[in-house]
Every structure is written in structure tokens, then in C-alpha cells.
Amino acid sequence: MRTHNNADVSVDAMLEDLRKLVEVESPSRDLDALRASARTVAAVVESRLGGEAVLVESEAGPHVRWTGGGVPRVLILGHHDTVFPLGTLERRPFRVEDGRATGPGVFDMLGGLVQAVHGLAALDDLSGVEILVTADEEVGSGSSRALIEERALACGAVLVLEGAAEGGHLKTGRKGCGTFEVRVKGRASHAGLEPEAGVNALVEAAHQVLDIAALGRPEIGTTVTPTVASAGAADNVVPADATVWVDVRVETLQEKERIESAFAALAPHLDEADIVVRGEVGRPPMPESASSHLVEMAQTLMPGIKGVAVGGGSDGNFTAALGVPTLDGLGAVGGGAHADHEYLVIGMMAERAQLITGLVKAIRGARRE
């Protein structure tokens with residue numbers, strides 16, 4: 001696939017900026033690390049695009065916002081937080097070899113940010129372009145959602161720089177996703193002397209896990225997966241407390257509502273046990289209809305590229321749910337998101353940057369007609 005775009009971008013310069021971002025570790029919820037990361041993102045944006053990148057403070061860390069001025073027409077959306085704890089860089093440093101860049105966050109999604117900035121730098125005119133790089137996407141976007149939605153509505157089109165789908169394709173549909181926490185309260189007692197005096201929270205949790213797992217309807221794209229459980233404090237005590245965490249993915253708003261209602265209706269099986277449920281399907285589904293026009297633009301610029309629906313969520317779910325045209329998966333080509341083998345394909349960086357250049361031109365042109 002080749003882009004029909006002659007914008008000049010330097011792969012060496014992109015790798016230089018990618019190294020800067022990767023070498024400032026940015027695990028979600030680590031406010032000091034995220035402040036340093038936000039300052040680095042802002043410095044890269046300013047050095048390539050000029051103007052001022054503003055740090056928007058939040059309880060989750062600073063978001064980075066930049067605008068090219070003029071009437072807002074397109075929002076470039078990404079995040080600078082990563083899932084990797086401090087110290088990962090020492091074990092897995094940034095490297096460039098065998099046609100790949102590796103290191104924590106190269107694919108999800110620092111490579112996409114760099115490509116977008118360099119794609120924009122190839123434009124003679126940056127008016128109408130906004131960039132928003134958030135600090136909490138990996139943990140649900142609780143502090144950034146309102147700002148994301150505000151700027152998406154103001155701009156009217158959103159390009160999301162999450163990593164590409166397999167084969168370098170775009171992401172045109174995403175499942176809605178969320179996490180539920182189910183807390184079980186029982187009553188402790190001696191497991192040998194008087195187990196009957198207790199209310200076993202672990203046994204109640206086992207009942208709940210089976211009830212919860214039965215809520216899934218994979219044939220229509222709904223997965224309900226208990227993922228983490230904990231209970232008890234000692235091996236000779238009937239456990240008084242247990243907690244179960246559940247990952248949920250849905251393709252439709254109807255399924256979102258069904259699942260949320262089902263969790264709210266969970267009831268204990270054991271007498272005197274109590275259940276408290278927290279959580280929701282926080283990211284609504286991203287319908288493929290939200291990206292149809294933008295995909296056509298991308299396919300004109302890069303013949304052969306396809307759009308595919310994927311299971312994971314992104315901040316594009318929020319903007320698409322508002323009815324704002326949204327195209328995702330425009331970032332790095334590579335793989336291994338959230339894993340030790342994460343990588344970025346260097347040979348695709350220039351084309352992906354040029355795709356951003358072309359899309360911004362096309363979107364602004366269409367909206368001026």
C-alpha cells in the first residue's frame with residue numbers, strides 16, 4: 001500500500017522523537033511520571049509544529065492540548081499513558097534493529113503520536129487542526145472523557161492514533177467495554193471448630209462467578225469474563241470477604257443495557273451473604289457507520305487499506321457514540337500491545353504519517369465545500 005501523497009517526512013526524525021517519548025516512562029496513575037511525559041509530548045509537538053502545547057491538569061495527570069488556530073475542523077486524538085510500570089524501560093530499553101522499533105509504548109501508542117505530529121508538520125497550513133493527548137486512556141478515561149467529547153463535537157471529525165489493526169488496516173468498529181467489581185460480604189468463623197457459624201464469602205463468590213459467566217452471548221459479540229478474584233485471609237478461617245473483577249465487551253447499546261441491568265440484579269445464594277456491585281460499560285460501542293466517510297477518504301489516499309471491527313476499546317468509542325465521524329487505528333503498524341514483545345514496523349512510519357497529512361487535507365477540504 002502506498003499513499004497518494006507527496007508530503008515529505010523524515011523517518012530518522014520520527015525515530016528521534018519516538019525515543020524521547022519512550023524514554024520518559026508514563027504508567028497510568030503515576031502522576032509524577034505522567035507530568036514528565038506530558039512535558040515531553042508538549043515539547044515534541046511545539047518543536048515540530050510551533051505554537052504552544054497546553055497542559056490541562058486533571059486528577060489523572062496532565063492532558064496535552066494544541067491547536068493550529070482558526071475554525072476547528074479535525075481532532076487528532078491520542079494518549080501518552082502506558083500500561084507498563086516504572087522500571088520496564090531498564091529491562092526493555094528503546095531499540096531500533098531489524099526494521100523494528102521496540103520498547104514500552106512504541107505501538108500503543110507513542111508511535112502513532114509521533115507519526116501524527118510529523119504528518120501535520122508536512123502541511124503548509126495547520127488551521128482547523130487540534131491535538132489532544134490524554135493521560136488516562138489505559139484506565140478508562142474518567143478524567144478526560146468530558147474534554148474529549150467537547151473537542152470532538154467542536155471539531156466535527158476525529159482521527160484516533162491507536163495502533164493499526166493486523167495487516168496495517170484501520171479500525172472502523174469497536175466493542176463497548178467496561179469493568180465490574182463484585183464484592184461479597186460474609187461472616188468469618190473458625191473453619192475447624194464451627195464452620196457452620198460463618199457465611200462463606202468464597203462459596204458465594206463461586207456462585208456469582210457462574211451466574212456472571214452465563215451472561216455472555218458470544219454469538220452476538222457479548223463477552224463477560226471473570227478475570228481476577230480474591231478471598232479470605234487465613235487457611236483456617238471461613239472467609240468473610242471476596243471480590244471478583246469482570247471484563248465485559250458488547251457490540252450494541254441494547255447489550256450494554258442488558259448487561260448493566262443484569263449486574264445490578266445479582267442476588268446472593270447464601271443466607272446472610274451480601275453483594276455490592278460497582279462498574280458499568282463505560283465505553284459505548286463504536287459503530288462502523290461512524291467511520292464510513294472517513295474510510296473512503298483513507299482508501300483514496302492509500303488504495304488497498306481496509307477497515308475492520310475489533311474487540312478492544314479506545315477514546316474513539318466516546319466520539320463515535322456522539323455521532324461525530326471517527327476513524328481509529330491510524331497509528332503505528334506493529335503489534336504486541338501491552339506485551340513484552342511490543343514492536344513498531346519502521347518501514348511503515350512514513351506512509352502512516354503521510355496518511356494523516358492527506359486525511360487532514362481531505363477533511364478540511366470537504367468541510368469547506
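Reply: Happy to! Met109 has its place in helix α4, where helices (H or I, at least four residues) and strands (E, at least two) are DSSP runs numbered from the N terminus. This is a predicted model, in which local features need pLDDT of at least 70 and side-chain atom pairs count only at pLDDT 80 or more, while totals for chains, interfaces and linings use all residues. Residues are numbered from 1 along each chain as its sequence is written, and side-chain values use heavy atoms, with hydrogens and water left out.

Me: Which residue does a cis peptide bond join to Met109?
Reply: Most peptide bonds are trans. Here, omega is about -5°. The cis bond joins Met109 to Asp108.

Me: Across which strands does helix α4 lie?
Reply: Helix α4 covers residues 106–121 and runs at about 40° to β18. Such angles run from 0 to 180 degrees between N-to-C directions, with axes as lines fitted to C-alpha atoms, for helices over the stretch in contact (heavy atoms within 4.5 Å). The strands that α4 lies across are β5, β17 and β18.

Me: Which strands stand at the edges of the open sheet?
Reply: The sheet has 4 strands in the order β4-β5-β18-β17, with antiparallel pairing; two strands pair if DSSP finds at least two bridges between them. An edge strand has a single partner, so one side of it is left without a neighbour in the sheet. That describes β4 (95–97) and β17 (334–335).

Me: What is the bridge partner of Arg100 in β18?
Reply: Strand β5 (residues 100–102) pairs with strand β18 (residues 343–345) in the antiparallel sense, over 3 bridges. The partner of Arg100 in β18 is Val345.

Me: How are α1 and α2 directed, roughly parallel or roughly antiparallel?
Reply: Helix α1 (residues 11–22) packs with helix α2 (residues 31–49) at an angle of about 160°, their axes 9 Å apart. Angles under 35 degrees count as roughly parallel, over 145 as roughly antiparallel, 65 to 115 as roughly perpendicular and the rest as oblique. The two helices are therefore roughly antiparallel.

Me: Which residues of α2 make the contact with α1?
Reply: On the α1 side, the contact is made by Ala13, Glu16, Asp17, Lys20 and Leu21. Their partners in α2 are Thr40, Val41, Val44 and Arg48.

Me: Is Ser141 buried or exposed?
Reply: Ser141 sits in the loop between β6 (129–134) and α5, and has a positive phi of about 65° although it is not a glycine. Buried means under 20% relative accessible area, exposed over 50% and partly exposed in between (1.4 Å probe, protein chains only). With a relative accessible area of 1%, Ser141 is buried.

Me: What is the relative accessible area of His338?
Reply: His338 lies in the loop between β17 and β18. Although not a glycine, His338 has a positive phi of about 70°. His338 counts as partly exposed, because its relative accessible area is 44%.

Me: Which residues is Ala197 in contact with, leaving aside its neighbours within four places in sequence?
Reply: Ala197 is found in the loop between β10 (189–190) and α6 (201–213). At 28% relative accessibility, Ala197 is partly exposed. Apart from those neighbours within four places, the residues in contact with Ala197 are Arg187 and Ser189.
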